[in-house]
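Let's take a walk through this structure together. Have the sequence and the 3D view open as you read.

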Amino acid sequence: MRNVYRKVPDRCHRKDSLMKTFKGGIHPNDKKELVEDNPIAALPLSDHYYVLTQQHIGAPAKPIVKPGDEVKKAQAITEPLGFVSAASHSPTSGRVKEIIQRVHPVTGLLAPCIVIESDGKDEYMPGLPLERDPFSLQKDELIGIIKSSGIVGMGGATFPTHVKLSPPKDKKIDTFIVNGAECEPYLASDYRLMLEEPQRIIDGARIVMRILGVDKAIIGIEDNKPDAIKKMKEIAPPEVQVEVLKVKYPQGAEKQLINALTGRDVPSGGLPMDVGAVVQNTGTCAAIWDACANGIPLIERITSITGRGIKHPKNLRLRVGTPVKDVFEFCGGVVDAAKIIFGGPMMGIAQFTDEIPIMKGTSGILLLTEDDTNLSTYSACISCGRCVEACPMGLIPSDLSKQGEKGMWEKAVGTNLLDCVECGSCTFVCPANRPIVHFVKFLKSLQRAASAKAKGA
Amino acid sequence: MKDIFISSSPHIHTPEDISWIMRQVIYALVPGALIGIYFFGIPALMVIAVAVTSCVVIEAISQKALGQKITIKDGSAALTGLLLAMNLPSGAPWWLVVLGSLIAIVLGKQVYGGLGNNPFNPALVARVFLLISFPVQMTTWPQPRSFFAPAADTVTGATPLGALKTAIFEHKSITAAPDINIMDPFLGNIGGSLGEISALALILGGVYLILRRIITWHIPVVYIATVAAFTGLLWLINPGIYADPAFHMIAGGLMLGAFFMATDMVTTPITNKGKVIFAIGCGLITVIIRIWGGYPEGVSFAILIMNAFVPLINRFTKPQKFGAV
């Protein structure tokens with residue numbers, strides 16, 4: 001509650017105190033007006049698609065096609081290696097041109113990438129799309145479909161969905177939450193999906209409820225999306241409850257969302273399932289419906305292309321593997337971008353090239369001008385405590401940043417380094433402009449390297 | 001394509017940086033400073049001008065000499081100068097003000113590594129240094145008169161707290177102290193440091209800082225409440241030798257200290273719980289010095305003493321982390 005420049009948009013209609021939320025957090029200007037009113041549009045077919053084999057958190061997937069192979073749209077082109085992994089599918093019909101090394105937008109490193117040359121026909125696999133009643137299928141069949149469809153968390157974390165939907169027997173799940181908070185400033189892809197295709201979300205949520213064996217779902221939506229709230233309330237069946245959340249970042253962070261909606265605290269180091277909750281993003285729910293009802297795997301998603309650095313901000317239905325350059329061209333070109341970010345401004349990843357493809361987790365591409373981003377240097381901590389107030393995890397970020405400057409990772413672990421979710425709230429409010437998240441990432445990398453070494457020894 | 005930048009997230013930032021905060025605190029001090037100028041005239045204006053200028057110049061010189069980046073643009077040196085001036089008698093000679101600025105910036109701040117690293121409030125370090133080294137100049141209090149009153153020789157006299165101390169010391173009773181109308185210190189019509197005389201102006205500035213979320217209510221409210229409760233208790237026990245709490249709250253440097261000196265971010269605890277503990281300590285020490293100490297006023301000493309406890313307080317008031325088991 002510290003930012004005096006907080007602008008609660010006029011469209012917010014309730015008193016703050018009446019709405020559900022969590023402790024801590026910040027109020028950045030949401031800047032969603034740049035793109036939120038643009039209906040979802042489709043991009044013309046690209047000549048080539050670049051499908052990175054690692055689209056998810058977990059073990060990489062292995063290519064099962066080789067250069068020269070003919071592929072159809074929705075045909076599997078990689079298979080998961082291990083349980084926490086996910087397959088990928090061809091975004092269109094054509095030929096596998098080559099398997100190359102390509103810059104991975106998340107790691108920034110070169111990674112294997114399957115290049116599909118489009119034949120322009122955009123033909124599905126024979127028999128697709130099919131029509132079936134997902135509610136006649138058994139739980140295990142549904143999880144099998146979700147797994148083979150390569151569905152991952154589409155909010156950006158890209159954790160394989162079938163894993164989240166397969167909690168161990170001893171974890172009793174009683175609450176399923178659909179995350180429609182979309183708390184990252186600028187982005188509006190979830191908003192457009194809720195507004196334009198709400199039935200896919202609701203039906204996908206009902207499939208998840210069937211899998212988890214719960215009889216109630218909660219959809220949490222931030223109060224800056226009244227149209228989406230209204231729409232979802234109109235079509236939601238009684239067992240799906242729409243809850244209005246206060247506009248506050250990071251309202252959509254999993255632990256904060258669960259806390260706001262149920263009052264439960266996921267224990268430190270634990271998972272939502274430890275408090276009986278499972279959270280899925282709205283886009284993920286829609287993808288689950290497509291897979292279970294129509295047999296369509298995860299090959300496309302809604303992405304907001306926004307920021308003042310792009311000529312015409314748009315919400316686009318993009319196929320996984322679409323070259324970002326084609327996307328920019330469709331949006332009228334890059335105007336004056338100082339930063340190209342995959343994701344939102346708070347947790348997104350700055351890219352050093354536009355030779356990268358759309359991923360399953362690309363909820364937005366943000367092009368910030370120099371005025372809108374933050375390129376200045378930092379100074380010593382003045383102990384103002386704003387980061388402590390802002391931290392939704394109850395940490396002391398200023399201590400972590402000082403330890404980060406000195407590389408003191410062991411001490412930082414004692415200062416709850418590993419509880420940090422890197423939401424960036426502390427860094428946003430820091431008057432000394434200290435790059436606290438950067439320091440946290442650095443300390444975590446030191447800690448990982450040391451523990452890997454200890455295991456190896 | 002033009003050059004693009006890469007850095008760790010987040011990619012947006014609040015406009016409230018250090019210089020913005022310093023500017024807000026300076027704005028908040030303006031009413032108090034104007035009251036000082038109104039009642040003490042041109043000399044008060046001179047003290048402020050000399051203090052602010054010399055602090056900024058000394059900061060630039062010392063940073064240059066130490067091979068550091070010059071950061072006078074962040075406004076913290078100017079603020080230190082203004083705070084120092086507010087804590088000096090309006091008749092302080094120019095060399096005393098410059099010496100105070102030197103102590104504040106070099107001994108109070110730069111030797112520790114500059115803004116953010118100093119354990120003690122720089123302006124108070126300077127004030128206490130001057131008070132101990134130059135007791136005569138530091139306790140010669142010009143009496144207030146209207147800025148527009150005809151020119152006359154400056155009259156000096158005691159501060160209300162000073163008069164109280166003398167009365168108790170000489171007569172063992174506060175009734176020997178001159179009666180003061182409580183509205184005088186509220187509006188500023190009393191002797192004292194040039195920036196501490198009007199409780200009203202200082203409270204206005206403090207409320208601005210709280211509304212702007214530069215400071216939280218914890219330190220000023222708890223500090224003033226502690227002083228009120230402690231002196232109130234003593235007054236109830238024996239009103240003959242202990243002044244009433246209203247007098248203690250507004251007749252001295254408490255408002256300036258509680259809203260502006262004890263809320264310095266760098267030298268106070270980081271959590272609200274820690275701030276409450278810090279403020280209680282400040283309140284208790286202030287009263288102990290005022291009632292039983294050798295000095296009539298204890299605010300500066302109290303805050304400096306509690307500054308020293310900040311690392312300890314921070315250690316014991318860590319927030320509870322989310323999902324702690």
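In what order do the 4 strands of the open sheet in chain A stand? The order is S11-S10-S9-S12, and the pairing is parallel. Strands here are DSSP runs (E, at least two residues) and helices are too (H or I, at least four), numbered from the N terminus; two strands pair if DSSP finds at least two bridges between them.

A quick word on the ground rules: this is a predicted model, where local features need pLDDT of at least 70, side-chain atom pairs count only at pLDDT 80 or more, and totals for chains, interfaces and linings use all residues. Residues are numbered from 1 along each chain as its sequence is written, with chains lettered from A and ligands numbered from 1 in the order in which they are written.

S12(A) is joined to S9(A) (residues 175-180) by 5 bridges, and Thr175(A) stands opposite Ala277(A) in S12(A). Helix H4 (residues 198-212) of chain A lies across S9, S10 (217-222), S11 and S12, running at about 155 degrees to S9(A).

Now hop over to chain B. There, the axes of H10 (residues 218-237) and H13 (residues 272-292) come within 8 Å and cross at roughly 35 degrees. Axes are lines fitted to C-alpha atoms, for helices over the stretch in contact, and angles run from 0 to 180 degrees between N-to-C directions. Contact takes C-beta atoms, placed from the backbone, within 7 Å. Among the residues making this contact are Phe230(B) of H10(B) and Leu284(B) of H13(B).

Conventions: Two residues are in contact if their C-beta atoms, placed from the backbone, lie within 7 Å.
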